[in-house]
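Q: Can you walk me through this one? Keep it brisk.

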Amino acid sequence: MSGPFKLSERAQSLKPSATVAVTSRALELQRQGLDVISMSVGEPDFDTPPHVKAAAIQAIEQGKTKYTAVSGIPELREAISEKFRRENGLHHAPDSVTVTSGGKQALFNAFFALLDAGDEVLIPAPYWVSYPEMVALTGAVPVSVPTSPDTGFMLDIDLLASKITPRTRMIVLNSPSNPTGAVFPPDTLRAVAELAQQHNLVIVTDEIYEHLVYDAEQVSIGTYAPEHTLTINGASKAYAMTGWRIGYAGGPKHVIAAMNALQSQSTSNASSISQYAALAALVQHEETTKFIEMAKAAYRERRGVMVQGLNALGLPTPTPHGAFYVMANTDRIHENELEAARIILDEARVAVVPGTDFAAPHQVRLSYATSMENIQEVLRRLGQLVK
Ligand SMILES: Cc1ncc(COP(=O)(O)O)c(C=O)c1O
């Protein structure tokens, strides 16, 4: 487009999302008063726990409403450092920890602090769409490492190793995974850690779904290769705090310092009020653990109903071991997943996310972070559709 507002090449390089079309259509149908059930959201349906809300209210009343240090209030960095030690066996002093506006900003800062144009970044696929988009924004090159529903989306280490070139700089891991729900076992993580050590690579591990693991062992890869790992996490998924926008990272001090420098010139600190809320979630961890156990039990039950129901309808769906998503094969509805998602929306009034954007052909993602009533009704509607 000509005129003064020609968009930057960087802005133009952002890939248009195939998902947006389906999401806009779902909103349009809802506006028309039609009863659309959304299975596309990526956030817990539970309310933020009361002790977390109370801490935020207290912060407001006590006037803790001003700028904080860019890297976050010292008490929160201390609590995150302690959390890393207690829950993950990781050792990051408070000055090796930074607080961000959501896990998303931690990832963004990390990629911009570490990547140069032409660097290659290995990303297991299906992946969360933001990884390749953010990596590409830095000028680096995202390289997919495919995984298959036939193996429950497990990472093939030989395949991963075969993608390493002299330009490879980083491996991005997300276990438990959005969208597949796969949880990489300790042996796999150990093998990835060894590859990183052999080839001098950085591992960026996004552990935001770490607490939502059902029948698998969750291990932080940073315990195997501490010198190579930057660990990203956040309050959104575990503590039902998506709207509060608190994420964090722990890693080598100079990397954290570079991330802080980037953040100081963009958004400064994460919301002070949200930081006090996250502090309560971490410090009052017994109450928080009760909340997580409650949510996890509900997700586990819903997962069982979803996986069983979808497979019974002829929509093959592997059992995910973590997070709150399932990936269903929709060939029975349409061989193109984007078309399948459209049909599911138009005819069954169920909003799902086509796998197109996250390199998952023939599949759609359904979130089970919704009520059992909704899940039952979705299965009923899909049942009518496939009949
Ligand atoms: C895999 C993954 N990482 C990170 C995030 C970012 O979450 P937030 O920015 O809310 O912390 C999400 C949210 O959907 C996610 O699915």
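**Cavities, pocket, sheet and domains**

A: Ala, Val, Leu, Ile, Met, Phe, Trp, Tyr, Cys and Pro count as nonpolar, Asp, Glu, Lys and Arg as charged, and the others, Gly among them, as polar. The model is predicted: local features need pLDDT of at least 70, side-chain atom pairs count only at pLDDT 80 or more, and totals for chains, interfaces and linings use all residues. Residues are numbered from 1 along each chain as its sequence is written, and side-chain values use heavy atoms, with hydrogens and water left out.

Q: Which residues line the second largest cavity?

A: The lining includes Leu310, Leu315, Ile344, Val364 and Leu382. Thr330 is there too. Strand S12 (363-367) and helix H13 (372-386) are the elements that give two or more residues to this lining. Helices (H or I, at least four residues) and strands (E, at least two) are DSSP runs, numbered from the N terminus.

Q: How much space lies in the second largest cavity?

A: About 50 Å³. A cavity is a set of points on a 1 Å grid, over the protein atoms alone, where a 1.4 Å probe fits but cannot get out; lining residues have an atom within 4 Å of a point. Points are joined across faces, edges and corners, and a volume is the space filled by probe spheres set on the points.

Q: And how many cavities of 30 Å³ or more does the structure hold?

A: It holds 4. The largest cavity has a volume of about 110 Å³. Its lining has 16 residues, and Pro124, Pro126, Asn174, Ser177 and Phe184 are the closest to its centre. Strand S3 (120-125) and strand S5 (168-173) each give two or more residues to that lining.

Q: How does the lining of the largest cavity divide by class?

A: Into 11 nonpolar, 5 polar and no charged.

Q: Now the pockets. What volume does the largest one have?

A: About 920 Å³. A pocket is an open set of points with protein on both sides within 12 Å along at least five of seven lines. The largest pocket is lined by 38 residues, with Lys104, Trp128, Val129, Ser130 and Asn178 nearest its centre.

Q: Which element gives the most to that lining?

A: H6, with 5 residues. Helix H6 spans 130-137, and helix H2 (18-31) and helix H5 (102-114) also give two or more. By class, the pocket lining has 17 nonpolar, 12 polar and 9 charged residues.

Q: Which domains does the lining draw on?

A: At least three residues come from each of domain 1 (9-47 + 288-386) and domain 2 (66-284). Those bounds come from an automatic or database domain assignment.

Q: How far apart do the domain centres lie?

A: The C-alpha centres lie 25 Å apart. At the contact, 31 residues of domain 1 meet 31 residues of domain 2. Contact means heavy atoms within 4.5 Å.

Q: Switching to the sheet: what is the strand order?

A: S2-S8-S7-S6-S5-S3-S4, an open sheet of 7 strands with mixed pairing. Strands S2 (97-100) and S4 (141-146) are the edges, each pairing on one side only. Two strands pair if DSSP finds at least two bridges between them.

Q: What joins S2 to S8?

A: 4 bridges, and the two strands run antiparallel. Threonine 98 stands opposite alanine 249 in S8.
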